[in-house]
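User: I am new to this structure and would like to go through it step by step. Please show it to me, and then I will ask about single residues before the whole.

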Amino acid sequence: MMSPKPIGDDRGSANFRHTPLQIIHVIGNFLRIWSVYSMYRYLIQTGSSVGLFIFCCLLPSSLLFLAMQKPWKGRPLSNQQVVPSIINGVITALYFSMWGKGLKSCGPVRTILAEYAGAVLGVLSAALYGQGKHLWKKVGGLVAMMLSFYLLSRGWAMGTHSPFDILGCSKLNLKLRSKENLDAEAHPEEILGMKDMIVPIIAGILSALRRVIARRVSLKNQLKRRLHAITITSATCFLFPVAMWDFITGSTSDSTSQLPFSAWAFGSFILFGVILVFYVDSIAEERLHMVFSSPRHLMVAGGCMIILEIFYQMDFSLPGYLLCCIILGFGIYEATALERSKKGTQHFDSSEEMLDDMKSPLPS
């Protein structure tokens, strides 16, 4: 008679099977964040319009998505699927616009970390669906997240403004920044107020909302990809008048009269920042059960940003940055916490899945 396998062996084998997918997830996020840094340096050095840059990247991305997914082929899509996807395109266009403006004004570290503000949906779900027992935990998580964003806005992750400079913790980083890099840096990051962080924070909430809507429209992977092609195409159409307005108004000024071409800045954001990240996040959700607004995802993105901050010799304070990430990760964990003992094997990794599970189907 065969004895059953220990539970630990099953978990170990499952983790081993997921190791290649985890490596793909880390590499995909690194490439995506690398494209964000390239975009930031391009916008700062050239002074180009954010709306025009985003549109010029979304246009070929939408064509590639349409060519790969071919939403017009296969099983016909219903109005209950197409209409919410088009509406989701409006949200996506608004997200990219606010995210780009936040990137140009706040820098990559603040903007990327502000994307995890979508975890506030956990507090919203607790308030709307009567989870009063856990509401105080979620509010505490929200306070921790706001504290992290406040410290980021005050420059705690920057070598020239971090209070850890008093202890000499950032002197090594200041030596790494060469004189040529300091002279060439046209727009160094500065201390901001919370009002300046509102734009990237709202962009993070919109990003989480568009992912929730995409999951509510379809749970099937192939259908979700077809609908995503419609969403990106819709976002491109809605961004067209914004880009044209920036082009017309920018033609009267000297700083934005042209949109200089940079193959790496445009190509990396198209391939890694729009296309690859969608498939990588889909793999993480479907196979690794890891969604964007989760502490595990924050750990991956946080490690990638440390490498790129050092690589680009940015104004960076490692102790202050780690403190902000730890506070933000704790806030996300508390804001997305559920009574797991009652859920049993059903586990929600973030507020996006929580809100997605509790909501009623979207109206057509």
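User: Is Thr111 buried or exposed?
Analyst: In this predicted model, the relative accessible area of Thr111 is 1%. Buried means under 20%, so Thr111 counts as buried.

User: Which helix holds Thr111, and which backbone oxygen does the side chain of Thr111 reach?
Analyst: Thr111 belongs to helix α4, which covers residues 108-114. Leaving aside neighbours within four places in sequence, the contacts of Thr111 include Trp99, Leu103 and Pro200. Gly102 is also in contact with Thr111. At 3.1 Å, the side chain of Thr111 reaches the backbone oxygen of Gly102.

User: What is the relative accessible area of Cys325, and what is that of Cys304?
Analyst: Cys325 is buried, at 13%. Cys304 is buried too, and its relative accessible area is 4%.

User: How many helices and strands are in the protein, and what share of its residues is buried?
Analyst: The protein has 15 helices and zero strands. Among contacts between residues at least 6 apart in sequence, 85% join residues at least 24 apart. Of the 364 residues, the buried share is 51%.

Definitions and conventions
Residues numbered from 1 in each chain as written. Predicted model: local features only at pLDDT ≥ 70, side-chain atom pairs only at ≥ 80, totals over all residues. Heavy atoms only, no water. Helix = DSSP H or I, 4+ residues; strand = E, 2+ residues; numbered from the N terminus. Buried < 20%, exposed > 50% of the residue type's maximum accessible area, 1.4 Å probe, protein only. Contact = heavy atoms within 4.5 Å. Polar contact = N/O pair within 3.5 Å; in protein donor to acceptor, adjacent residues only side chain to side chain.
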